[in-house]
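Trainee: I have not looked at this structure before. Could you take me through how to read its features, one after another?
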Amino acid sequence: MIKFGPGNLRIPRFEKPVYVVAGGLTDFRKKHPEKNTSQLCTEALRMAVEENDLKVDPEQFRRMVNWVVYSQFADHFGDQLLAAAKIHDYLGFDPLGNIEVKTGGATGGSAVLAAAQAVASGYADCVPVVGWERMDEVTTKVGNSYIASAACKDFESELGWMYAAYYALMAQRYQYENNVPHETLARIAVKNRLYAYYSPFSQNPGKYTVEDVLKNEIVAHPLTFLECCVMSVGAAVLIVADEETAHKLTDKPVQLKAICGGSHTLRTADRRHMPILLLPNETEATYKDYFGKHRQDWPGFSSFLAARMAAYLAYHMAGIKDPVEDLDLLETHDAFTISDVQTYEDIGLRPYGRGREFIDSGEAYFEGKLPTNLSGGLIGTMHAVGATGIFQMVELLWQLQGKYDKFHGDPKMWTRYGKQKPADWKSLQAKNPKRGCAISHAGTGSHVTCAILEKP
Amino acid sequence: MDWPTTALEVFSEEPLVVKNPKTWYHIHSYGGWGKFFQGLQQQKLLAARCTNPKCKEKRLWLPPRADCPDCWHAMEWVEAPQVGTIYTHSVVTYPGELFKLPPGTPLISVEIDGVCTKLMSWLKEGKPKFGMKIKAVFNAKRPTHTILDLAWVPA
């Protein structure tokens, strides 16, 4: 049983407001043999500094930076320990201080959290967050083995050497408890791959049908290939600043109202039953009929306590009362279709057991009430792990600044990556969005961050 | 001085990509958990319980822990029941490198009475079902010295 003491649920606060001002990405591919990692990071930084309508030139910007945060998931993949020192040098930031952050799949979110903490405390006022992953040095099978070494190597890694297997065990239990039609799960994969189709950055876009997903080969029962995220190479950069610096840099700063982290056991096995931690839009009555024949415990294997914890803190910090009402955009860590449905419940889009309604209602779609993963997400666009949480916030920033078309619709963006803009391309720019949320997630829910970005 | 004689294999000429071979091993210390793996060879399922009389939780942990996560006090070894039920199950079709089980092996999570965790393991015989009663079997003859030395069969 986890029992919270008075200090455990303290709502975090920033001593100074924190802003995000600019973002940059590379395209994301299975392999990038023509560019080394430092080139990819430089490319993303260059886009952030040169293509975000900043009011200073690149040289002036360089003179403003006072701290840098690096984000890479696995030294295994890059096969270069202390890679951040090398990237920092190649980006020309020596001898400024820097730190590298590592929290598995949530590394990107945690890196932005570390930058926000530096800015909020006054330690720094202009902080590039630079994330990447280089997953093309080993075969896919070895890559999956490396990722599975981020499960417990003593008691769980051996049982699959494959993260999809650990999620499949959760998926099966979730389905036993909640019986969501596979068609609903497939629609998430169809949606995100379609949104990736409109993005020049995307690795696995496509116009698929629900039937394509259902008939697709199974990786780990019940998950098919099309329901799983991609393994990518690429980089992402987000510039975090205090209020004064943000206004010096751009006319369109976006406030990072909150970014909070939660955690839970690395092994799903060790998740002990506890009372459901209620979000602002829930009461005890919400769950009076929740437990029964098939549901005996919470969080069990169906819910991510780390996501619930991160959302609890971030919603209170940012004043979110009801996420579907108060948010205009959402980026989830859709590593697998099933974990996306679980996350809808953890972050309060629907009560536990009813996550499927968020998809079935149409709310998750473009022009729906809370469009989700307009970036194409991890299933359609990218999962270069260290870059992922940063990529989510870059896409949110551009949406909130009204720049979706600038970065996704310009034919030159497509030719830059050797692609042709589809003739049936359409804009996924949300209409005057005010507030966006990004969920960065590790392991089978070992670390989760929840970020709330808001247009002032 | 001569040039080195060991050359990297060229994977691609343009752009230039080379292969870095890796052939060494890691020495892995189980430390305080070693007794659990040794126990499997004696057909024992060793779990851990806190010895602190003041600890309010005192749960039975399997996988075992050397120290109690609720009070940080040392744990003692307790034999867990060798029967349980299937909490969830799956089959991995495309496992990662290093996977040692036969293709199609059902992976399971096991609920055991009195144990606060749901141990991940594998089903050696039979077709898995939710709530199915199972019993532990042990690989004592040619142990792998991994968690794979424990498996389950229908009870």
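Mentor: Start where the chains meet: 46 residues of chain B are in contact with 42 residues of chain A, contact being heavy atoms within 4.5 Å. This is a predicted model, in which local features need pLDDT of at least 70 and side-chain atom pairs count only at pLDDT 80 or more, while totals for chains, interfaces and linings use all residues. Residues are numbered from 1 along each chain as its sequence is written, chains are lettered from A and ligands numbered from 1 in the order in which they are written, and side-chain values use heavy atoms, with hydrogens and water left out.

Trainee: How much area is buried between chain B and chain A?

Mentor: The size of an interface is often given as the accessible area lost when the parts come together. Here buried area is the accessible area (1.4 Å probe) that two parts lose on being put together, summed over both. Between chain B and chain A that area is about 3,800 Å², and carbon and sulfur atoms give 58% of it. Tyr87(B), Tyr94(B) and Met120(B) supply 19% of the area that chain B buries against chain A, more than any other three residues.

Trainee: How many salt bridges are there between chain B and chain A?

Mentor: Side chains of opposite charge can pair when their charged atoms come close. The rule for a salt bridge is a side-chain nitrogen of Lys or Arg within 4 Å of a carboxyl oxygen of Asp or Glu. Between chain B and chain A the count is seven. One of the salt bridges joins Lys118(B) to Asp297(A), with the closest N and O atoms 2.8 Å apart.

Trainee: Which elements give two or more residues to the side of chain B that touches chain A?

Mentor: Helices (H or I, at least four residues) and strands (E, at least two) are DSSP runs, numbered from the N terminus. On that side of chain B, the elements are α1 (34–41), β6 (83–91), β7 (106–111) and β8 (118–122) of chain B. The residues on this side divide into 27 nonpolar, eleven polar and eight charged. In that division, Ala, Val, Leu, Ile, Met, Phe, Trp, Tyr, Cys and Pro count as nonpolar, Asp, Glu, Lys and Arg as charged, and the others, Gly among them, as polar.

Trainee: Is Arg173(A) buried or exposed?

Mentor: Buried means under 20% relative accessible area, exposed over 50%, and partly exposed in between (1.4 Å probe, protein chains only). Arg173(A) has a relative accessible area of 3% and is buried. Its place is in helix α7 (residues 163–178) of chain A. Not counting residues up to four places away in sequence, Arg173(A) touches His294(A), Gln296(A), Phe301(A), Ser302(A), Tyr87(B), Thr88(B) and Phe130(B).

Trainee: What is the order of the strands in the open sheet of chain B?

Mentor: Two strands pair if DSSP finds at least two bridges between them. The order is β4-β3-β5, three strands with antiparallel pairing. The edge strands are β4 (60–61) and β5 (75–79) of chain B, each pairing on one side only. Strand β3 (residues 46–50) of chain B pairs with β5(B) over five bridges, and Ala47(B) has Val78(B) as its bridge partner.

Trainee: Why is strand β1 of chain A described as largely enclosed?

Mentor: Eight of the eight residues of β1(A) (residues 18–25) are buried, so the strand is largely enclosed by the rest of the structure. Seven bridges join β1(A) to the antiparallel strand β7 (residues 233–242) of chain A, where Val20(A) stands opposite Val240(A).
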